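Subject: Structure handover

Hello,

Here is the structure you asked to take over. My notes on strand pairing and backbone geometry follow it.

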Amino acid sequence: MRKLLYSTLWITGLLCCTISCMEEQDFDQFDDLRVTPTLSSGIFYLESDEETINLAGPLGSFYFQEVTFEAFNEQYVAERLIEGTMTYQIQNTTSKRLRIVIEFLNEDGRVLDVERFDIEANSPDIVEYPVFYGAGGKNINILSSTKSLRVIADNLSVGSSVSANPDARIIFRSGAEFLFQLQ
Amino acid sequence: MSMAPRLILITLFVYATGFAQNKEVLYDFYEIPQSLMVNPGVKTSQKWHAGIPVLSGLSVQGATSGVTVNDLFANDGVDFTTKVQERLLSVMTDRDDFSSTSQIEAFTVGFRGKNRLDDYYSFGMYGEMDIISYWPKDLAILAFEGNGGANLGRNFDLGDLNLRGEMVNVLHFGINRKVNENLTIGGRAKIYSSIFQFQSINNSGSFVTREGQNNVYESAISADMQLQTAGVKGFYDIIEEDTGTTKKDVKSLFTERTLLGGNLGFGVDVGFSYNLNPQTTITASVLDLGFISNSKDVWNYTFAGSTTTDGISIVLPEDIDDVDNDKWQELIDEIDAALPHGENQASYISWRPVKVYGSVRYDFGQGGTGRIFDNCGCAVNSGGMSSTSDYYRNSIGGQLFMIKRPKGVQAALTGFYQRRFGRVLSLKGTYTVDKYSFTNIGLGANFQMGPVNFYVLADNLLSYSNIADSHYASLQFGFNIISWNGN
């Protein structure tokens, strides 16, 4: 029975091979596949009203915090990160000159990089600061080595002024759009 | 190339040959006993038949409605990534599928009733594997292009994940009855013995990243997804344990499941043939109207919930006293909690893919004195009955095939011509239009050498000029012993 089965399969296979053709195929092309998605995500958002800034007093920090940030530090992500842009958007309707500093810290707490934004008082228009990482920009390893962010928000003005703008606030936004090589 | 991608590619494009389940060449090819399996009400003329075990019916069908092997892997000098982008991602839709159906008949026997010559009984057992996976378009684009850049604001449909597969052993018993000179009806009861089944067919949800209301970007996900499996984990555990008796254990479990030891189901086939006049016949059949109750070795995976995130958020003065610095992990935990994924062992019913055939056939070219079934002793639908069409050497007609698939009904339309050369040889040519091909020409041949019957049926012959460029391929063949009288 097995002989008959094999014979039948051979004959049928031979028949198919005889009458069929196939253009040359190169399955090793799969090695050339490049899967490079662009991933976007919100990163950090800080908002404060003017009263909170005033409470911190003149020339003082109204926010100082170190937060873990491992978005790019995970091994799978870090190994595949190619390039991209961190985008910071700032809108200040308070009566204060302000400074926001973002420090990128590694596992040991060492500062790898610093982004410093000096913001004029009464700037209702959103000001955008794109920072490029990769070839021609900052070193991509800054992000892949970052374990936490230290965020410092300083008041560079007096601690008593009040803006004429309704609901005066400082709003700091950040987002990332990066290219990864998955394959 | 590593093994995993190779296996996926082979599965998708080469081995996974098989959708359709359409056996348009076999349908109403009543010289072949296996035509009873696609219409239990087909006209039968033999006294008895027996399929040669394992060789009576072997069929493999394959199809891809979108890209072909050649589209991607032809040695044409075009960058492979470009080919994937232009010929796969930009062209294929979530209605395109890759599918595979293979069937092997373990044994089949048919015989005419001693007391009721108008009744023809048949029974047997066959194994069938059927897998279909729709192209998960949005998920593929998400993986290939990402959620950023041009895809900001795009809603990725998580419901694009849609697949189903199963392997079953089928025990069946059918009755075919000639009601009168013009009408033959038939029915077949089936017991399904499931070897494994999996399906992920009712998924819904979306994922979108857009400009945020607060932050630069926000991502929103809503998901209600489930993968149901029955009989899969048993095999997986054996392979995972890798005890040295793996092969034996797999074989043992497979045998047990084959012989009613796994999940069971029940189904029926019904069909008829009706002569509108001596030369015109209409037929129809409904196959696999049935289900399998999956309660053993069930393992389901669920992913459901919804959430929106725009990153770490600090709002003063509300968060002024929040000195927790593990906000990233908190964010991850929040997302995880909003999108619970789990496992359960809840039983479920899986429906068999119902198939419907219909045909109209016109016979012409009387055979004169050379009757096809001259020596038939059964006196049913055979020579000696002038009202039957067995005298006619030629048949021409059309067939309709429909199958219920996870994303709706798929249909195929076939035109055919059949030519009989006495009792020894019968040929059938078909032209079929379906979602896979507009150039599907099939050919079937049935050889009768004494009591030995051999048939071979092949589809989409034009594609044999470059089989790698074929959207559809199918092959079926088998051996039977047939008797029309007492021999």
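Two strands are taken to pair if DSSP finds at least two bridges between them. Please keep in mind that the model is predicted.

Chain A

With that criterion, strand S4 (residues 98–105) of chain A and S5(A) are joined by eight bridges and run antiparallel. Within this pair, A:Ile100 has A:Phe117 of S5(A) as its bridge partner. Both strands belong to an open sheet of four strands in chain A, ordered S2-S7-S4-S5 and paired in the antiparallel sense. Its edges are strand S2 (61–68) and strand S5 (111–119) of chain A, each of which pairs on one side only. On average, neighbouring strands of this sheet are turned by 10° against each other, direction ignored.

Chain B: strands around S7

Strand S6 (residues 163–178) of chain B pairs with strand S7 (residues 183–200) of chain B over 16 bridges, in the antiparallel sense. A hairpin of four residues connects S6(B) to S7(B), and B:Phe173 stands opposite B:Ala189 in S7(B).

S7(B) is also joined to strand S10 (residues 263–277) of chain B by twelve bridges, and these two run antiparallel. Here B:Thr184 has B:Ser273 in S10(B) as its bridge partner. A further antiparallel pairing links S7(B) to strand S9 (residues 217–230) of chain B through three bridges. In that pairing, B:Gln197 stands opposite B:Ala230 in S9(B).

Chain B: backbone geometry

- The peptide bond from B:Leu316 to B:Pro317 is cis, with omega near 15°. B:Pro317 lies in the loop between strand S13 (312–316) and helix H7 (327–338) of chain B.
- B:Leu260 is not a glycine, yet has a positive phi of about 65°. This residue is in helix H6 (residues 246–261) of chain B. B:Leu260 counts as partly exposed because 14 other C-beta atoms lie within 10 Å.
- B:Asn460 is likewise not a glycine and has a positive phi of about 50°. Its place is the loop between strand S21 (452–458) and strand S22 (472–483) of chain B. Is B:Asn460 buried or exposed? B:Asn460 has 23 other C-beta atoms within 10 Å, and the cut-off for buried is 20 or more, so B:Asn460 is buried.

Regards

Technical notes
Residues are numbered from 1 along each chain as its sequence is written. Chains are lettered from A and ligands numbered from 1 in the order in which they are written. This is a predicted model: local features need pLDDT of at least 70, side-chain atom pairs count only at pLDDT 80 or more; totals for chains, interfaces and linings use all residues. Axes are lines fitted to C-alpha atoms, for helices over the stretch in contact, and angles run from 0 to 180 degrees between N-to-C directions. A residue is buried if 20 or more other C-beta atoms lie within 10 Å of its own, exposed if 12 or fewer, and partly exposed in between; C-beta atoms are placed from the backbone.
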